[in-house]
Amino acid sequence: MRKLLLAVGLSGIALAAPKIEVKDAWVREVPPVSSMSAAYMVIENKGDQADKLVGASTNIAKVVELHETVGGKMRRIKALEIPPGKSVELKPGGYHLMLINLTEKPKEGQKVEITLKFEKSGDVKVQANVKKAEGGMHMHEGH
Ligand SMILES: [Cu+2]
């Protein structure tokens, strides 16, 4: 009986895992005077266990923060949960990655490398296309 329980327990651990896939990643083109930009994407968890986005880095900015926009204002969040079987969209007016202290200004047509850090899945690298976005964003609120 004890052996059976152990086997069931182990297979349960082996099966429950997040499976992260990222698509449609893009970075906002910004005017040369801007020191900040933002990155957006769709993060899908095809696994059967939740994961959390806990941080990110990029080759064009010194600091990347996770932000959410609430009532037109941005605020920093520590982590973004990606539930199993669900997609979480990072988009203008919602969740986004804030690229702070740009070392290079993203230009339309360029590709930017972003490394996402997940609590369970570890590092996930994505290539983001730089695009022009319509409308302004409240770049400096909350900073
Ligand atoms: Cu922000």
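Helices (H or I, at least four residues) and strands (E, at least two) are DSSP runs, numbered from the N terminus.

A word on the ground rules. Residues are numbered from 1 along each chain as its sequence is written, and side-chain values use heavy atoms, leaving out hydrogens and water. Because this is a predicted model, local features need pLDDT of at least 70 and side-chain atom pairs count only at pLDDT 80 or more, while totals for chains, interfaces and linings use all residues.

Now select Met-41, Leu-97, Ile-114 and Leu-116. These have the most contacts inside the largest nonpolar core, which has 29 residues. Such a core is a set of buried Ala, Val, Leu, Ile, Met, Phe, Trp, Tyr and Cys residues joined through side-chain atoms within 4.5 Å. Buried means under 20% relative accessible area, exposed over 50%, and partly exposed in between (1.4 Å probe, protein chains only).

Stay on Met-41 and show its contacts (heavy atoms within 4.5 Å). Leaving aside neighbours within four places in sequence, its partners include Val-22, Asp-24, Leu-90 and Leu-97.

Next, click Asp-24, in strand S1 (residues 20–28). Its phi is near 55°, a positive value in a residue other than glycine. Is Asp-24 buried or exposed? Asp-24 is exposed, with a relative accessible area of 59%.

Finish at Asn-101, in strand S8 (residues 96–102). Here phi is near 60°, again positive in a non-glycine residue, and Asn-101 is partly exposed at 39% relative accessible area.
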